[in-house]
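Notebook open, structure loaded. I'm jotting down what I look up as I go.

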Amino acid sequence: MRRDIKYDKHGDIDISTGDIVYTESTAQHQYDLLMAAPGDYKQSPLSGVDSGNDVNDNEPTMFLRSVRKQMQSDGMNVKRVAWEHGQLVIDADYEDSNG
């Protein structure tokens, strides 16, 4: 299981317990990759889907391919990426996860 610092709903570090909160981080990493654009991360300039550019795209094939590629590049085993009922569904987990 991957653990990382937890963010609150505003994207700030969660200190709701009076200290930094840690959590299982797969969903948080997926969200970060979806929101980031290539070039946003200095240490990994090719990382990021830049999903904001694809919001009104009528043909999601390239977007879904990009999501899959970014998740795989981050070390996730991607089982499925799809649109269902207007929602993006990502079934992916880190290969070293237990479960």
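Before anything else, the cut-offs I need for accessibility: buried means under 20% relative accessible area, exposed means over 50%, and partly exposed is what lies in between. I also remind myself that this is a predicted model.

**Entry 1: overall layout**

I started with the element list. The protein has 2 helices and 4 strands, and from the N terminus they run β-β-α-α-β-β. I then checked the extent of the C-alpha trace, which spans about 45 × 30 × 30 Å along its principal axes. Of the 99 residues, 28% count as buried. I also looked at contact range: among contacts between residues at least 6 apart in sequence, 23% join residues at least 24 apart.

**Entry 2: two positive phi values**

I went looking at backbone torsions and noted Asp-50, with phi near 60°, a positive value in a residue other than glycine. Asp-50 sits in the loop between helix 1 and helix 2. Its relative accessible area is 23%, so I log Asp-50 as partly exposed.

His-85 went on the page as well: phi is near 55°, again positive in a residue that isn't glycine. This one is in the loop between strand 3 and strand 4. With a relative accessible area of 83%, His-85 is exposed.

**Entry 3: the core**

Which residues touch the most other members of the largest nonpolar core? I get Leu-34, Phe-63, Val-67, Met-71, Met-76 and Ile-90, out of 13 residues in that core. Helix 1 (26-35), helix 2 (61-73), strand 3 (76-84) and strand 4 (87-94) each put in at least two residues. Helix 2 has the largest share, with 4 residues.

**Entry 4: helix against helix**

How do helix 1 and helix 2 cross, and at what angle? Their axes come within 10 Å and cross at roughly 130°. That angle makes helix 1 oblique to helix 2. The crossing is right-handed. On the helix 1 side the contact is made by Gln-30, Leu-33 and Leu-34, and on the helix 2 side by Phe-63, Val-67, Gln-70 and Met-71. I sorted these contact residues by type and got 5 nonpolar, 2 polar and no charged.

**Entry 5: the buried residues of helix 1**

I listed the buried residues of helix 1: Thr-26, Gln-28, His-29, Gln-30, Leu-33 and Leu-34. Together they pack against strand 1 (3-5), strand 2 (22-24), helix 2, strand 3 and strand 4.

Leaving out residues up to four places away in sequence, His-29 touches Asp-4, Asp-74, Met-76 and Tyr-94.

**Entry 6: Gln-70**

Not counting residues up to four places away, Gln-70 touches Leu-33, Leu-46, Ser-47, Gly-48 and Val-49. For Ser-47 I also took the C-alpha to C-alpha distance to Gln-70, which is 6.6 Å across 23 residues of sequence.

**Entry 7: Gly-75**

Gly-75 is in the loop between helix 2 and strand 3. Its relative accessibility is 26%, so I put Gly-75 down as partly exposed. Leaving aside neighbours within four places in sequence, I find Gly-75 in contact with Asp-93, Tyr-94 and Glu-95. Glu-95 is 20 residues away along the chain, and the two C-alpha atoms are separated by 6.6 Å. Tyr-94 is a name I already had on the page, as one of the residues that His-29 touches.

Conventions. Residues numbered from 1 in each chain as written. Predicted model: local features only at pLDDT ≥ 70, side-chain atom pairs only at ≥ 80, totals over all residues. Heavy atoms only, no water. Core = buried A, V, L, I, M, F, W, Y, C linked by side-chain atoms within 4.5 Å. Buried < 20%, exposed > 50% of the residue type's maximum accessible area, 1.4 Å probe, protein only. Axes fitted to C-alpha atoms, helices over the stretch in contact; angles between N-to-C directions. Parallel < 35°, antiparallel > 145°, perpendicular 65-115°, else oblique. Left-handed = near helix turned anticlockwise from the far one by under 90°. Contact = heavy atoms within 4.5 Å. Nonpolar A, V, L, I, M, F, W, Y, C, P; charged D, E, K, R; others polar.
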